[in-house]
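Thanks for coming, everyone. Please have the model open, and we'll go through it piece by piece.

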Amino acid sequence: MVDDATLIARWDGRLPRYTSYPTAVQFHPGVDEARVRAWLAALPADAPLSLYLHVPFCRRLCWYCGCHMVVVNRAAPVEAYVDDLIEEIALWRAALGARHRVTRIHWGGGTPSILGTAQWRRVDAALRTAFALDPSAEIAVELDPRTLSHAMVRTLAETGVSRVSLGVQDFDPAVQKAVNRIQPFEMVAELVARLRGARIERINLDLMYGLPHQSEISVARTARQALALNPDRVALFGYAHVPWMKRHQRLIDAAALPGAGERLAQFRAALAVFLAAGHVAIGLDHAARPDDPLAVAQAEGRLRRTFQGYTDDTAPVLIGLGASAISALPQGYAQNEAAVPQWRAAIRAGRLAIARGVEPDAEDRLRAALIERLMCDLALDIGATCRAHGASPDRFADAVARLDAMAADGLLARDGWRIAVSPRGRPFLRAIAAVFDRHLDPQAERHARAV
């Protein structure tokens, strides 16, 4: 059997996470407000929507963070942002031309709960005015356990929040200190109890490996502590150290970061804890209880991969609201201005704040289907997918040769045009998917390493 060091040398690389295809690297200013308005005009009035709201504010800076965010300690910037966010909601409602049904809302950040109770309710009311919120819609929010008040928990429950994702990363005090995020296990456990007491019972936990001072033993210990909180699902994200893109990551001691082999061992150790407890491995980096909607969707071949990660959401349209948010429509992708001042200027001028995007061609759509099914199912029928797109699989002869090299290393098995990723190949899933990426520049430093 090929050892891990050889696998990493052969197949590790700087690769996208493939939450879309083409990826955000291919976004360009040619997709502008006029193009998106034309896309919206073509939507049927009964097309259901998902909404993503981005709140780019935090109280403290976590040194590992790779998100679009700014630290604020005053209420005024948050209140001004809410005013503009409500105006943006109205602009999208007018551009859509109909009061569409909404089946999913996801709040991300930053720290969405930084809005506070009054501002949260203002945005919630604006959403319910502009859109027809389905009674069964899932409303999910990303939360920071360090800053969530009792009053905010009540407000989340009263406005229909049904799922929360708690940023945990690691419970080890030395690791927390090294990344400037101090939150003891007891703090998270107390919040989980408060959330469940308020009948917000769907709990996701976000964990990280590859952080300073982590080890195979320590990440397994954190996984066991997380498991004690009985989460519905967990994410096991690999820390992406990209200090040339996120300058604050220079505050992290790079010498204390584990190497690629250690990262691989850490991922396997954490995942093994959840699998031993009966959770199901989901896609690249998640685990969930067998009755969780993600696990059910994966078992039924309905799992999807979007900008929010893995989802069972079936809505054909995602509208992104807030600075840097990305919308996904049948015709393509569009991203808002990332910086708050530019986003605000567009909204106050009565414009959708579209800065860039991409409109996939037929070849992109075929490759997107191949990559999504591979990322979700860890299996792929290249021939069937090509036929569904009116194409011949023969165009992927070169890709098959590369897949065969991966098969020889034990990462996957191939039977004709069908491939199945092995458990050993799961951490290399991005590298396997990259075989179908015609835009990838392997020399670019835009992405973090895959393993």
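S17 and strand S19, residues 418–421, pair in the antiparallel sense, over 3 bridges. Keep in mind that this is a predicted model. Find Ala379 first. Its bridge partner in S19 is Ala420.

Helix H12, residues 362–377, packs on this sheet and touches S17 and S19. The direction of H12 makes about 145 degrees with that of S17. Helix H14, residues 397–408, packs on the sheet too. H14 touches S18 and S19, and its direction makes about 130 degrees with that of S18.

Now the whole sheet. In what order do the strands of this open sheet come? The order is S17-S19-S18, 3 strands with antiparallel pairing. Which strands stand at the edges? They are S17, residues 379–381, and S18, residues 412–415. Each has a single partner strand, so one side of each is left without a neighbour in the sheet. On average, neighbouring strands here are turned by 10 degrees against each other, direction ignored.

Next, strand S6. Look at residues 163–169. The strand is mostly covered, with 7 of its 7 residues buried. Here is a rule to remember. In a regular strand, side chains alternate between the two faces of the sheet. Now check it on S6. Arg163, Ser165, Gly167 and Gln169 point one way, while Val164, Leu166 and Val168 point the other way. Residues in both sets are buried.

What does S6 pair with? Strand S5, residues 132–143, runs parallel to S6 and is joined to it by 4 bridges. Leu143 stands opposite Leu166 in S6. Strand S7, residues 202–209, also runs parallel to S6, and 6 bridges join these two. In S7, Asn204 is the bridge partner of Ser165.

On to helices. Two packed helices are described by the angle between their axes and the distance between the axes. Take H3, residues 75–96, and H4, residues 116–130. They pack at an angle of about 5 degrees, and their axes are 10 Å apart. That angle makes H3 roughly parallel to H4. Who makes the contact? From H3 we have Glu79, Val82, Asp83, Leu85, Ile86, Ile89 and Arg93. From H4 we have Gln119, Arg122, Val123, Ala126, Leu127 and Ala130. Sorted by type, the contact residues are 8 nonpolar, 1 polar and 4 charged.

Now helix H5, residues 150–158. Which residues of H5 are buried? Met152, Val153, Thr155 and Leu156 are. Seen down the axis of H5, the buried residues fall within an arc of 165 degrees, so they line one face of the helix. An α-helix has 3.6 residues a turn, so residues three or four places apart point the same way. What do the buried residues of H5 pack against? They pack against H4, S5 and helix H7, residues 185–197. After H5 comes Gly160, whose phi is positive, near 90 degrees.

Last stop, Asp437. Where is Asp437? It lies in the segment after helix H15, residues 429–433. Is Asp437 buried or exposed? Its relative accessibility is 10%, so Asp437 counts as buried; the cut-off for buried is under 20%. Asp437 touches Pro16, Tyr18, Tyr21, Arg367 and Ile371, not counting residues up to four places away in sequence. Compare Pro77. Pro77 and Asp437 are 360 residues apart along the chain, and their C-alpha atoms are separated by 40 Å.

Methods: Residues numbered from 1 in each chain as written. Predicted model: local features only at pLDDT ≥ 70, side-chain atom pairs only at ≥ 80, totals over all residues. Heavy atoms only, no water. Buried < 20%, exposed > 50% of the residue type's maximum accessible area, 1.4 Å probe, protein only. Pairing = 2+ DSSP bridges. Axes fitted to C-alpha atoms, helices over the stretch in contact; angles between N-to-C directions. Parallel < 35°, antiparallel > 145°, perpendicular 65-115°, else oblique. Contact = heavy atoms within 4.5 Å. Nonpolar A, V, L, I, M, F, W, Y, C, P; charged D, E, K, R; others polar. Arc of directions from axis to C-beta.
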